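Please look through the structure shown below.

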Amino acid sequence: MRIYISADMEGITGLVDADDVQPGGRDYERGRVMMTEDVNAAVRGALAAGATTVTVNDAHGPMRNLLPELLHPAARLVRGKPKNMIMLEGLDATFDAVLCVGYHSRAGTLGVMSHTFMGHEIEDMWLEDRPVGEIGFAHATAAAIGVRVVMLSGDDTACAEMNDWDATVTCVAVKHANDRFAAELPPLTEARQAIETAVAGSLTTQHAGAPTAHSGPSTLTVRWQSASVASALLGIPGVTLVDSRTVQAGGHLPGLYRLFGVWTRVATALTNQAPYC
Ligand SMILES: [Zn+2]
């Protein structure tokens, strides 16, 4: 059994502030240890369920957050950037399941460090007509690749967003969001044990058949803060303008996910705001 872990940072046990998750932040170095520990809990759960390969994609910000020397010795690590497939780099149909560790809710929600792919630049995003953030976009893209997301850890708002998207995903709330930079935390050992148990349980649950992927073309719509980003993206064939700062494109996943990655690089170049994830 081959397991793919996409690891973000905002939804990691104990972390509540930008200082915890951004390089140079006062507690970033401690945050990296916390992130590695949550991922290790997921790796242990996967191995307990019979995983033979566990590949971890460091999917947050600089994508060099996880500490290789503290990472579970059985795990393979996808590290650094650029990554054309962003939070799903290296995922293909040979994997049996995706685990989303440390994920956060989408921009505009009252979740811990909620946002969508960039700090502020993306105000809203829709897949078809459905509001989507990093959670739904990863789920839909993984399904198009042919792999099911079976577990997610994050705060309670990330769990709710995942289960709204797909009620069959096992979710572990490792913190309760009180506000965007405030949360109530369970004991660390309890949270990590919950991840391990949930992963093992989700991988032994029978998921019949291939994941349900949206058949046919998809439509991605993104409302940016800056009209100049939308204007620049019009230079890409297939991109149309919905209003002065909202762009739309049709296509098939997973290609549309990759195209979106190009959009974020254009937005970065114009706003000096790094893609964040
Ligand atoms: Zn992140």
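What follows is a short exchange about selected features of this model.

This is a predicted model, in which local features need pLDDT of at least 70 and side-chain atom pairs count only at pLDDT 80 or more, while totals for chains, interfaces and linings use all residues. Residues are numbered from 1 along each chain as its sequence is written.

User: At roughly what angle do the axes of helix 2 and helix 5 cross?
Analyst: Helices are DSSP runs of H or I with at least four residues, and strands are runs of E with at least two, numbered from the N terminus. Axes are lines fitted to C-alpha atoms, for helices over the stretch in contact, and angles run from 0 to 180 degrees between N-to-C directions. The axes of helix 2 (residues 28–48) and helix 5 (residues 188–204) come within 7 Å, and they cross at roughly 35°.

User: Is isoleucine 86 buried or exposed?
Analyst: Isoleucine 86 is found in the loop between strand 3 and strand 4, and its phi is near 45°, a positive value in a residue other than glycine. A residue is buried if 20 or more other C-beta atoms, placed from the backbone, lie within 10 Å of its own, exposed if 12 or fewer, and partly exposed in between. Because isoleucine 86 has 24 C-beta neighbours inside 10 Å, it counts as buried.
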